[in-house]
Amino acid sequence: MTCPRCLLQLQTLGLLGRSAARCVGLLRTPSSGQPSEPQVLRHFHPSPGSAKSRSVPAEFDRESHKKRNKSLITHDDLFEQVAQEAKTKAMFNKVVDIFTKRDIRRRGHVEFIYAALRKMPEFGVERDLTVYNKLLDVFPKEVFVPRNFIQRMFNHYPRQQECAVQLLEQMENYGIMPNMTTKVLLVQIFGEKSHPMRKYQRIMYWFPKFKHINPFPIPQKLPEDPVDLARFCLNRIANDLDAKVTVYQMACTEVTESGEEVTLPYIVGIQSPSQMELLTKHNPSRPVFVEGPFPLWLRKKCVYYYILRADPPLPNEKVEEPYDPERCLDYPLQLDFDLGRDLGDDESFDVEDLDEGPVFAICMTNQGDEATLNQWISGLQQSNPVLGQVPTLFRLDAGPQELDMLADIKSCHNHRPESELLKEDWLPEEEPEVMGDEELRRSQRMK
């Protein structure tokens, strides 16, 4: 019993030299007659405090960093590995099933749900309610339910609740209304008094109120044919049941006599009887203008249209037409009240009327150059002979094709070789012109 104590005291005092060897020789039992061999001292384990101060090797630190990074990428890699052939709803559900069957405890389910929410648009399931319910089913059940009011007050399991709220917000952004299955899953996972449940209640309160509030709804799936899409857009812009849509030219490819292939653009226009009547009353001495392109957004699709319009009529040319009481039966267009006014009433109104001029027709085409729009004007002359007597001017801005060409030119200019840029930098600067005496006097007078 005294041997370990002596060794421990000698180690603490730092005297593990010859004195330690002598003590070992003296404390050995002389029972065996064989010559004694020097014993190897056993190392003692250091305290935990000294272990913390030791520096970790760079190799182990690098490996742990790699593992940490892999833990953030594994779920994205899982989607890419499973869906190598095609990204469909069946493949997305297969990835979710693989994750749920991998571990009963569902370790890393929060990171997996975040990765799945990012990958949903790629698989085309961002508007599928069953897929969102399947992602909610990934959460472990009855684990995150608060047991008392203190847990409920201090946001029990905030990371998991925030993940579920993010899932419901993505459903809200895509206009998807939850169902009873969503509610049952949220109650099983987080309980009735939780942030995801409050979010569900707000969605169910406001969504039915705003679901059909838009008087001009846009279908979820737009027509793929550009001519059908142009018809839909023109009817939406005109908002007149009497307006007639005319297809002046269909998109096709023709072969010229020299053997070259020429692609003809489509031209679709719309005009109402009231616009035709305004065009017949237009003064032939005043020109009409073709203006555009003007953008129109339909969900994620942007199309462009052109208009045929004229300047507002002069004050002496304005003719007030008599009011037709049967023009609108829903609400009166004119009110004549003979009401007495007080001395403090102000009869003047600061209303600025801006007359933009009449619009005679609208068209859409995939090639907005002057030659294409001339074909549209020629087609309009068949139903509006007045256009043959009226001068037509073009006020065209840079369309999408011209803007793309400008962007390509700028990109080429930015990627020029350094030798050309250096040449421009080393060009001698132009010498400033020397002002004469008369110019100096004029500038001083102006000052």
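This is a predicted model: local features need pLDDT of at least 70, side-chain atom pairs count only at pLDDT 80 or more; totals for chains, interfaces and linings use all residues.
Residues are numbered from 1 along each chain as its sequence is written. Local features need pLDDT of at least 70 and side-chain atom pairs pLDDT 80 or more, while totals for chains, interfaces and linings use all residues, and side-chain values use heavy atoms, without hydrogens and water.

Colleague: How many helices and strands does the protein chain have?

Modeller: Helices (H or I, at least four residues) and strands (E, at least two) are DSSP runs, numbered from the N terminus. Counted that way, the secondary structure comes to 17 helices and eight strands.

Colleague: What share of the residues in the protein chain is buried?

Modeller: Buried means under 20% relative accessible area, exposed over 50%, and partly exposed in between (1.4 Å probe, protein chains only). Of the 447 residues in the chain, the buried share is 27%.

Colleague: Are H10 and H11 roughly parallel or roughly antiparallel?

Modeller: Helix H10 covers residues 180-190 and helix H11 residues 195-210; they pack at about 160 degrees, with axes 9 Å apart. Axes are lines fitted to C-alpha atoms, for helices over the stretch in contact, and angles run from 0 to 180 degrees between N-to-C directions. Angles under 35 degrees count as roughly parallel, over 145 as roughly antiparallel, 65 to 115 as roughly perpendicular and the rest as oblique. H10 and H11 are therefore roughly antiparallel.

Colleague: Which residues of H11 make the contact with H10?

Modeller: Contact means heavy atoms within 4.5 Å. H10 contributes Lys 183, Leu 186, Val 187 and Phe 190, and from H11 come Pro 196, Met 197 and Tyr 200.

Colleague: Is Asp 128 buried or exposed?

Modeller: Asp 128 sits in the loop between helix H6 (109-123) and helix H7 (129-136). Leaving aside neighbours within four places in sequence, Asp 128 is in contact with Lys 89 and Ile 176. Its relative accessible area is 17%, so Asp 128 is buried.

Colleague: Is Asn 239 buried or exposed?

Modeller: Asn 239 is in the loop between helix H12 (226-238) and strand S1 (244-249). Asn 239 is not a glycine, yet has a positive phi of about 55 degrees. Because its relative accessibility is 52%, Asn 239 counts as exposed.

Colleague: Which residue does a cis peptide bond join to Gly 292?

Modeller: The residue in question lies in strand S5 (residues 288-298). With omega at about -5 degrees, the cis peptide bond joins Gly 292 to Pro 293.
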